[in-house]
Amino acid sequence: AAVAGQPGETVAIKVLKEELANDPDVVMRFLRERSVLLRLTHQNIVQVRDLVVEGDLLALVMDLVEGPDLHRYLRENGPFTPVAAALLTAQVADALAASHADGVVHRDLKPANVLLRQNGGGEHPPLPDLGLAPPPHPPGPPPTTPVVGHPPYVAPESAEGRPQTSAVDIYGAGILLYELVTGRPPFGGGSALEVLHQHLSAEPRRPSTVPDPVSYTHLT
């Protein structure tokens, strides 16, 4: 059953893009994961109230979170301090652990997909749309054209077309932490294919402003 609400309560409704709503595989995955999404109740996971399928319309009804996403926050305010970035990433990791325990993999973790809610003087990063991101591209070699959704955030196994396990979210959390303390992802520039190859073979440079406890060498 759908999650009950209160009369007059304001909720968020997110309609799936038309090209995805017309993909039978995406629709079937939404329907299969509906019960899991409804029962995920973590303080850093946006509560899904219901999944609505009506004709060609596919939409999520979920809690409304007041606040920007982390991409917008970084653009307007600059990087977080290492301590604040680590605390936010730890909360995201805890939410991912809860979703992985229920068999849900996010697959598209990046600052634009993490909200920032300020509550009681603290900052909390709720995750919306868990498990609803489609694979970046069909299995096989990396694409020769920039068709991958967001190459700066693609895990190596995703770039190679290998199965997307919970490991892709752990990799994504590392990229998230890097961007929160530097203001940019570790790999970028050039074509989408060049960025994908960097994920496969390059090592991120450690910015001079990042202290040892937050260094990526301590997160491997």
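This is a predicted model: local features need pLDDT of at least 70, side-chain atom pairs count only at pLDDT 80 or more; totals for chains, interfaces and linings use all residues.
**Stop one: helix α6.** Start by selecting residues 167-182, which form α6. This helix has 16 residues and reaches 23 Å from its first C-alpha to its last, close to the 22 Å expected at 1.5 Å a residue. To see some of them, pick out the buried residues V168, D169, G172 and A173, among others. Further along α6, L176, L177 and Y178 are also buried.

What covers them? Select α3 (70-77), α4 (82-101), α5 (156-159) and α7 (192-201), which are included in the cover over the buried residues of α6. Before leaving, click on G183, which follows α6 and has a positive phi, near 90°.

**Stop two: a nonpolar patch.** Next, select I13, V15 and L57, and show their surface: together they make a nonpolar patch of about 270 Å². V15 lies in strand β1 (residues 11-15) and is partly exposed, with a relative accessible area of 48%.

**Stop three: M62.** Is M62 buried or exposed? M62 is buried, with a relative accessible area of 6%. Show its neighbours to finish: leaving aside residues up to four places away in sequence, M62 touches V11, A12, K14, V46, Q47, V48, R49 and D129.

Definitions and conventions. Residues are numbered from 1 along each chain as its sequence is written. Side-chain values use heavy atoms; hydrogens and water are left out. Helices (H or I, at least four residues) and strands (E, at least two) are DSSP runs, numbered from the N terminus. The expected span of a helix is 1.5 Å times one less than its number of residues. Buried means under 20% relative accessible area, exposed over 50%, partly exposed in between (1.4 Å probe, protein chains only). Contact means heavy atoms within 4.5 Å. Patches are made of residues with over 30% relative accessible area and no salt bridge: like charges are joined within 9 Å, nonpolar side chains (Val, Leu, Ile, Met, Phe, Trp, Tyr) within 5 Å. Accessible areas come from the Shrake-Rupley method with a 1.4 Å probe; for residues, only the protein chains shown count as cover. A salt bridge is a side-chain nitrogen of Lys or Arg within 4 Å of a carboxyl oxygen of Asp or Glu.
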